[in-house]
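Here's a quick briefing to read alongside the structure.

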Amino acid sequence: MGGLAAARKGEKWGCIDTEGNTVIAFEYDKIEYGEGTPAYIPGYPYLRIFLNGLAKVKIGGKWGFIDRKGNEMTTFEYDKLYYFVYGSKSGSKSNEGLAWAIKDGKYGLLAHIPAPGTEHIYESSGPGEYFTLPADRLNTITGQASAISVIMDVANTMTTEQKACATGIDRITLFAEEAAAQAASKAVTGSKIIINEESIRDLESIAASIRTEAENALASAGITVARKINVGVKFKATEENSLTIIVEPSAINMIADYVRVETQDYAISLSAELIKTNVKDLPLVITITAIREDAGLPGTAVSSSKACYIAFNKPLQENVKISLRPISGDPDYQAITRSDGKVTGGKYNPATGMLDVRIKDSGTYAVKENKKDFVDIQDKNIEVQKAIRILASKGIINGTSATTFSPDACITRAEIAALIVRAISKLNPDEDGGFTDVSKNDWFYGAVGSAKKIGIIKGTSATTFEPLMNITKDQVVAIAARTLRSEMKYNDPEDIGKYLGMYADRSGLPGWGLTDIALAARENLVLKRADGKFLPSNTISRGDVAVIIYRMFKKIW
């Protein structure tokens, strides 16, 4: 809450801190309070905390918003104002990040307006965030034709703004992928599932043609996809308590992007790359045992979610994706945790209603609440707070102590390397990057080596990485763009000038990063500045990096 309260002194309102000191002058006719527990300080009649860092205030009969520093966040021209809405997945998101206002008898919606001197313009949500995927429509798909029909129907429910924005395109692309997998699926009985050339042949014939049809269906609805549509084949298992999946060498010739085996409570997905690298002469055997109780998992609340014991018959070179049902509550703040207490991640998939994470190690995995917060982020923009809390809950980002995050501090090249490889679940603690200034005793040794291996972060020379150097904005943005390209096969913009031209200092952007910056701008990874500049050589704060990484994380499936 930032330690502030709205207060009235005489006939005027202002804000005080927890010791009763005036922080915002008593010059307002009225301040309406947000939610929270009423507090009382002698001399002031009635106090409550701000809501999401903003307070509604009235001057001369008109309403506007101020922040905790007294900055006017809107003009004072409204007859009535309502607080900005920030919901959870369990509630309506149709107005999230917006506030209703009445002006001259007419209703409208407000977005945040940056105060004078505000460096960045944050966007807690865009039009694509209001587009809720109708997951129930997937259950109506019985084949290729019905899948294409459902994709077209759902795409046509989107507004023009949702079809044009990066988040809306990403969501409908994800839905199209799930629809395609539903079309290329079949039910299987028994506790043993064999994956080989013969068992997937009939499903692959569907997968081979549905990608192009799905792209055409979206194009006919006015949507241009930004990345490759991944199509997979799916086995729907009726046995849930114990499954043995045997992937035979003949499966390495598969043309689908992945194979998924799913039950009501869990699923496991094997990419074509994993099958090619881990299944050669010796089959890959995966045993899954469902456990109703979450026994042995520190801090795990009792719930109806099953834990799963997963065992591999040999070491894996690529990750397996597992999916588990979330427990009661907000899945944004839940994590899939191993029995030794290690948080492995857990991203909510709105198309399947499950939490996805990539793993390599055998063990028992279950969903638990893992909400994190820090005392020094309360006065930051709501998007900064949300990004930090969610990434910390997923085990991707850490604070500078148990209670602090230091959101305004700069961030180093080593820290960025660690953030990226954790976000995409590709941290190998033993990976050697071959840099003379990175020692095996350094905490970031494996993170730097892993980032170099997958090609998203380069050294500052052939032999050095300069891990403790503060990283610049252009480097962070380029790294995030490369990650989308590498992990999700995002297409580069055909006209990079269209996206670079939005920056007032376009001529000062580095030649080596123009395509990366354009891709990041198109996908809304770049924090916009109030002055319209990019400022590539500026350092970037930990809080702002969290926003960029979180926006990127939401696009990695």
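Let's start with helix α11, residues 514–522 of this predicted model. Eight of its nine residues are buried, so α11 is largely enclosed by the rest of the structure.

**Helix α11**
- The buried residues of α11 are L514, D516, I517, A518, L519, A520, A521 and R522.
- Who does the covering? Among the elements over the buried residues of α11 are α3 (166–183), α9 (473–488) and α10 (496–500).
- After α11 comes N524, which has a positive phi, near 60°.

**The α3/α4 pair**
- Two packed helices are described by the angle between their axes and the distance between the axes.
- For α3 and helix α4 (residues 197–220), that works out to an angle of about 145° and axes 10 Å apart.
- The crossing of α3 past α4 is right-handed.
- On the α3 side, I172, A176, A180 and A183 make the contact, and they meet I206, I210 and L218 of α4.
- Sorted by class, this contact between α3 and α4 has seven nonpolar residues, with no polar and no charged ones.

**Nonpolar cores**
- In soluble globular proteins, nonpolar side chains tend to be buried together.
- The largest nonpolar core here has 140 residues, and I195 and I416 are the ones that touch the most other members.
- Leaving aside residues up to four places away in sequence, I416 touches I411, I457, I471, V476, I479 and V545.
- There's also a second, separate core made of nine residues, including C15, I31, V57 and F76.

**Strand β18 and its partners**
- Is strand β18 (residues 307–312) largely enclosed or largely open? Five of its six residues are buried, so β18 is largely enclosed by the rest of the structure.
- Strand β17 (residues 284–291) pairs with β18 in the antiparallel sense, over six bridges.

**The β7-β8-β9 sheet**
- These three strands form an open sheet in the order β7-β8-β9, paired antiparallel.
- β7 (80–81) and β9 (106–110) are the edge strands, each with a single partner strand, so one side of each has no neighbour in the sheet.
- Strand β8 (residues 99–103) pairs with β9 over five bridges, in the antiparallel sense.
- Within it, I102 stands opposite Y107 of β9.

**D265, a loop residue**
- D265 sits in the loop between β15 (258–262) and β16 (266–271).
- Buried or exposed? D265 has 17% relative accessibility, and it counts as buried because the cut-off is under 20%.
- Not counting residues up to four places away in sequence, D265 touches E240, K306, S323, L324, R325 and M354.

**The chain as a whole**
- The secondary structure of the protein chain comes to 12 helices and 25 strands.
- Of its 557 residues, 53% count as buried.
- Take the contacts in the protein chain between residues at least 6 apart in sequence: 67% of them join residues at least 24 apart.

Note on methods. Residues numbered from 1 in each chain as written. Predicted model: local features only at pLDDT ≥ 70, side-chain atom pairs only at ≥ 80, totals over all residues. Heavy atoms only, no water. Core = buried A, V, L, I, M, F, W, Y, C linked by side-chain atoms within 4.5 Å. Buried < 20%, exposed > 50% of the residue type's maximum accessible area, 1.4 Å probe, protein only. Contact = heavy atoms within 4.5 Å. Helix = DSSP H or I, 4+ residues; strand = E, 2+ residues; numbered from the N terminus. Axes fitted to C-alpha atoms, helices over the stretch in contact; angles between N-to-C directions. Left-handed = near helix turned anticlockwise from the far one by under 90°. Nonpolar A, V, L, I, M, F, W, Y, C, P; charged D, E, K, R; others polar. Pairing = 2+ DSSP bridges.
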